[in-house]
Amino acid sequence: MPDDQTGDGVNDSLLDSLYEAVLAGNADIAVDSTRTGLGAGAEPLTLLFDAMIPALEEVGRLFESGEIFLPEMLVSARAMQASMALIRPFLADAASARVGVFVMGTVAGDIHDIGKNLCNVMLEGAGFEVIDLGVNVPAADFVSAIIEHHPDAVGISAFLTTTMPEVAGTIAAIDDAGVRGETKILVGGAPVNQEYADRIGADGYAPNAVSAVRTVKTLLGI
Ligand code: B12
């Protein structure tokens, strides 16, 4: 069961029901709980970080230990995405001025996008124009996007240990194409860490969407 870690007074039973709904993959209840919470003035980030994300972490643990299988993981992901759609406007509309352009994508071979999408929403909320290349993005497409959009920063996301080498490969392709220029490269995703980011020559790493915004702003001197 999640705690009200942010202490903004959201009813614990609402957080519990949202947590259980995402865990069980019940999108209807997840959406209902999210709507009720938002209607009662709950902080969107509390719903995310104290209920929805812990539920997906538990889903990952249950999958790893063989207690649930891919279909269960999929319905939980769908419940999370349905709830995130309600939260998105609260986070994305916060910015008053545009501070930069951010190109984001999940590497080739990888279709995980919930974490990436959450980063996008928070970046938009901080004033970035986000160009989302989607999932399963070949290194060459990151290079083309840099040539086309001249972004202030590029985010490369990976969620599998098997697709982590694609992060390094993408940075190498950007370097080889001679388009790194003034662009800062951030990397992230569940298996990525600061040590790996340093080793492959990324400019920054962040473990979650909140620190992704903080890190890119620091890198760009905003
Ligand atoms: C949901 C999920 C799925 C969904 C994805 C749906 C979707 N649209 O994304 C589905 C069911 C499709 C799926 C499929 C698979 N999955 Co999966 N999945 C997960 C799960 C449970 C949750 C991931 C998630 O969304 N977390 C919530 C978000 C909010 O957190 P996050 O992803 O970490 O993102 C945050 C940070 O990482 C950071 N961040 C993310 N991106 C970026 C980018 C930048 C630039 C920055 C700065 C920061 C940043 O900010 C985010 C927000 O705070 C994880 C378990 C886990 N603990 O991560 C397994 C997990 C990632 N999956 C796993 C596996 C094995 C698979 C499959 C191979 C299973 C299979 N046998 O087919 C397939 C792979 C398909 C493929 N080719 O990509 C393993 C990976 C193991 C490993 N070490 O490689 C995990 C860890 C589960 C486990 N414990 O075994 N999966």
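I take two strands as paired if DSSP finds at least two bridges between them. Helices (H or I, at least four residues) and strands (E, at least two) are DSSP runs numbered from the N terminus.

**Entry 1: Basis.** I worked on a predicted model, in which local features need pLDDT of at least 70, side-chain atom pairs count only at pLDDT 80 or more, and totals for chains, interfaces and linings use all residues. Residues are numbered from 1 along each chain as its sequence is written, and side-chain values use heavy atoms, with hydrogens and water left out.

**Entry 2: The sheet.** I looked up the strand order and found an open sheet of 5 strands, β2-β1-β3-β4-β5, with parallel pairing. β2 (128-132) and β5 (204-205) stand at the edges with a single partner strand each, so one side of each lacks a neighbour in the sheet. I then followed β1 (residues 100-106), which is joined to the parallel strand β3 (residues 153-157) by 5 bridges. In this pair, M104 stands opposite G155 of β3, and F102 stands opposite A153.

Axes are lines fitted to C-alpha atoms, for helices over the stretch in contact, and angles run from 0 to 180 degrees between N-to-C directions. Helix α6 (residues 139-149) touches β1, β2 and β3, and its direction makes about 165° with that of β1. Helix α9 (residues 209-220) touches β1, β2, β3, β4 (184-188) and β5, at about 160° to the direction of β4.

**Entry 3: Strand β3.** I call a residue buried under 20% relative accessible area, exposed over 50% and partly exposed in between (1.4 Å probe, protein chains only). In β3, 5 of the 5 residues are buried, so the strand is largely enclosed by the rest of the structure. Both faces are covered: A153, G155 and S157 lie on one side, V154 and I156 on the other. On the β4 side, β3 is joined to its parallel partner by 5 bridges, and I156 stands opposite V187.

**Entry 4: Helix α4.** The expected span of a helix is 1.5 Å times one less than its number of residues. The buried residues of α4 include M80, M84, I87 and L91. Its buried residues pack against α1 (12-24), α2 (27-39), α3 (44-64) and α5 (114-125).

Entry 5: Which protein atom is a donor to the cobalt of the ligand? I found a single one, NE2 of H112, 2.3 Å away. Donors are N, O and S atoms within 2.8 Å of the metal (3.2 Å for Na, K and Ca); water is not among the atoms, so sites may look incomplete. H112 lies in the loop between β1 and α5.

α5 has 12 residues and reaches 17 Å from its first C-alpha to its last, close to the expected 16 Å. I found 10 of its 12 residues buried, and the buried residues pack against α3, α4, β1, β2, β3 and α9. N120 belongs to this helix and is buried, with a relative accessible area of 4%. Not counting residues up to four places away in sequence, N120 touches M104, V130 and D132. Just after α5, G127 takes a positive phi of about 105°.

How values were computed. Contact means heavy atoms within 4.5 Å.
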